[in-house]
Every structure is written in structure tokens, then in C-alpha cells.
Amino acid sequence: GVFSGRWDQTSLVNFNTYSPPVIENTASADFIISPTLGPTIGGTHVTISGSGFQYSAYGVDNPYFGNWQPTMPGCNPRGIPTCSFGSVVTNEMTILSENLVVCRTPTLVDSINTGKTVRIEVALDGQSYTASGSRFQFAAPWAVTGITPTAGVVSGGTTVTVNGFGFVDSVAGAEKEFPLVLHCVFVSQTNPEVREKVRATFVGPDQVTCKTEDLFEGKS
């Protein structure tokens with residue numbers, strides 16, 4: 001039939017439309033997803049490059065995001081923009097600009113000790129997700145048990161073998177999709193703010209190697 005009664009309306013609630021966001025290469029970053037790997041316990045801040053992230057509506061300087069509260073019964077009681085990591089959805093998301101967002105990974109309860117690779121997507125309305133097919137790898141817990149040698153020349157160039165468990169390889173993909181994430185970080189004992197980050201070579205799940213560089217200027 002045809003509705004012929006009175007339309008209920010209010011000036012307190014607005015519904016806006018927008019073009020859907022896209023996860024893709026942009027000039028704003030040299031990556032699409034970074035990092036592409038993190039622990040199954042969650043807590044990794046993943047930066048996503050793309051377009052159409054509606055910063056003016058949901059950005060960190062806009063009062064509607066983060067501390068947004070419903071003005072009418074039935075409205076979503078929390079910030080609506082969300083990230084999905086496979087079947088797990090989180091609203092711990094910050095929109096930095098029209099081209100960059102940051103999502104904090106949730107705990108992967110169903111694979112906490114094994115890890116798995118999932119699709120990562122973004123939805124500004126909490127429902128209509130991007131379809132980029134970009135992937136994020138949840139890795140099982142890892143640890144370092146020892147290194148050889150434990151000293152090297154200050155000028156760098158020493159290859160250090162790192163032993164442990166749970167190491168995962170990372171390879172660079174086409175079109176900046178999978179940036180290398182496997183690194184060693186050497187931290188100065190005298191000044192923890194001084195650190196040397198170098199790319200690691202994956203040998204196996206229990207071993208990686210790294211070559212030192214000249215950074216510490218004689219400090220250990």
C-alpha cells in the first residue's frame with residue numbers, strides 16, 4: 001500500500017552520506033599497511049594508507065569521534081568507525097588525515113598460541129567495509145634466548161646471530177603492500193634513547209641474523 005499518514009521528523013538527528021573509503025597506495029606514505037605483522041596478544045598500532053577517510057567528520061580534532069555520545073535513544077553508543085581483522089572487529093581506530101588511519105590490533109583469542117593471517121579492512125559506518133584484501137599476520141609469541149657474538153667493532157659490520165623461538169619471515173611485496181618488518185634493534189646500555197635498528201635476515205623460526213652499523217660511537 002501507500003503510506004498517507006504524517007511523517008515523523010526531528011531536527012536533532014541527521015543522516016549524512018559519503019563516498020566509501022579505499023585502502024590503497026597514496027603519496028602520503030611509502031606503504032599500504034605498516035606493520036603487517038604483530039603478536040596474537042594484540043596492541044599493535046597498524047597504520048593504513050588510503051583515501052576517503054573523512055577526516056573532517058571523524059578525525060582526531062573532531063568532537064564526534066572518540067568521545068562521541070548518542071543524542072537520541074537507539075543511536076550507536078560508541079564511536080562508529082571500525083577496523084576488522086578477519087572476523088574480529090575493533091573501534092580502537094584513529095583517523096589522522098584523509099589518507100591515513102591507525103588501528104590497534106585486538107587479541108586473537110582463537111589463535112593465541114598459533115597465529116594466523118587475516119584480512120584487514122576499514123568501515124567508517126561500522127558496517128560497509130573496504131574490500132582491499134590487504135593482509136595482517138598475527139604471530140604466536142616469540143622471544144630471544146641468546147646472541148652470538150656478544151661484542152663487535154665500533155665501526156659496525158659484525159654479523160650477529162640471534163637465537164630464540166617464534167621468529168617469522170617477512171618479505172617485500174609488489175606495490176609497497178608488504179614492507180619488510182623483521183629487524184634487530186640494538187639499544188645503548190648507557191643511553192636507552194640511542195638505538196640502532198637494522199634489517200634482519202630470516203634463517204628459521206629459531207634463528208635470525210643482523211649486521212651491526214656504526215651508530216653508538218663507542219658506547220655499548
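Why does Phe-138 count as buried? Phe-138 has a relative accessibility of 1%, and therefore counts as buried (under 20% relative accessible area, with exposed over 50% and partly exposed in between; 1.4 Å probe, protein chains only).

The views show a predicted model, in which local features need pLDDT of at least 70 and side-chain atom pairs count only at pLDDT 80 or more, while totals for chains, interfaces and linings use all residues. Residues are numbered from 1 along each chain as its sequence is written, and side-chain values use heavy atoms, with hydrogens and water left out.

**View A. Strand 10 pairs with strand 3 and with strand 9.** Strands are DSSP runs (E, at least two residues) numbered from the N terminus, and two of them pair if DSSP finds at least two bridges between them. Strand 3 (residues 37-39) runs parallel to strand 10 (residues 135-139), and 3 bridges join them. Leu-37 has Gln-137 of strand 10 as its bridge partner. Strand 9 (residues 115-123) is antiparallel to strand 10, with 5 bridges; here Lys-116 is partnered by Phe-138 of strand 10.

**View B. Phe-85, Phe-136 and Phe-138 are linked by ring pairs into a cluster.** The structure holds 3 aromatic pairs (Phe, Tyr or Trp rings, the six-membered ring for Trp, with centres within 6.5 Å; planes under 30 degrees apart are stacked, over 60 edge-to-face and the rest tilted). One of them is the edge-to-face pair of Phe-85 and Phe-138, at 6.0 Å centre to centre and 70 degrees between the planes. This pair links distant parts of the chain, 53 residues apart: Phe-85 belongs to strand 5 (residues 82-85) and Phe-138 to strand 10. The ring centres of Phe-136 and Phe-138 are 5.1 Å apart with the planes at 75 degrees, so this pair is edge-to-face. Phe-85 and Phe-138 are buried, and Phe-136 counts as buried because its relative accessibility is 0%.

**View C. A disulfide connects Cys-83 and Cys-103.** The whole structure contains 2 disulfides (cysteine sulfur atoms within 2.5 Å). The sulfur atoms of Cys-83 and Cys-103 are 1.6 Å apart. Cys-83 in strand 5 and Cys-103 in strand 8 (residues 100-104) lie 20 residues apart, and the pair links distant parts of the chain. Both cysteines, Cys-83 and Cys-103, are buried.

**View D. A disulfide connects Cys-184 and Cys-210.** The S to S distance of Cys-184 and Cys-210 is 1.7 Å. The torsion about their S-S bond is about 65 degrees, so the disulfide is right-handed. Because Cys-184 lies in strand 13 (residues 183-187) and Cys-210 in strand 15 (residues 207-211), the pair ties together parts that are 26 residues apart in sequence. Cys-184 and Cys-210 are buried. With the bonded cysteines of the protein chain numbered in sequence order, the pairing is 1-2, 3-4.

Methods. Helices (H or I, at least four residues) and strands (E, at least two) are DSSP runs, numbered from the N terminus.
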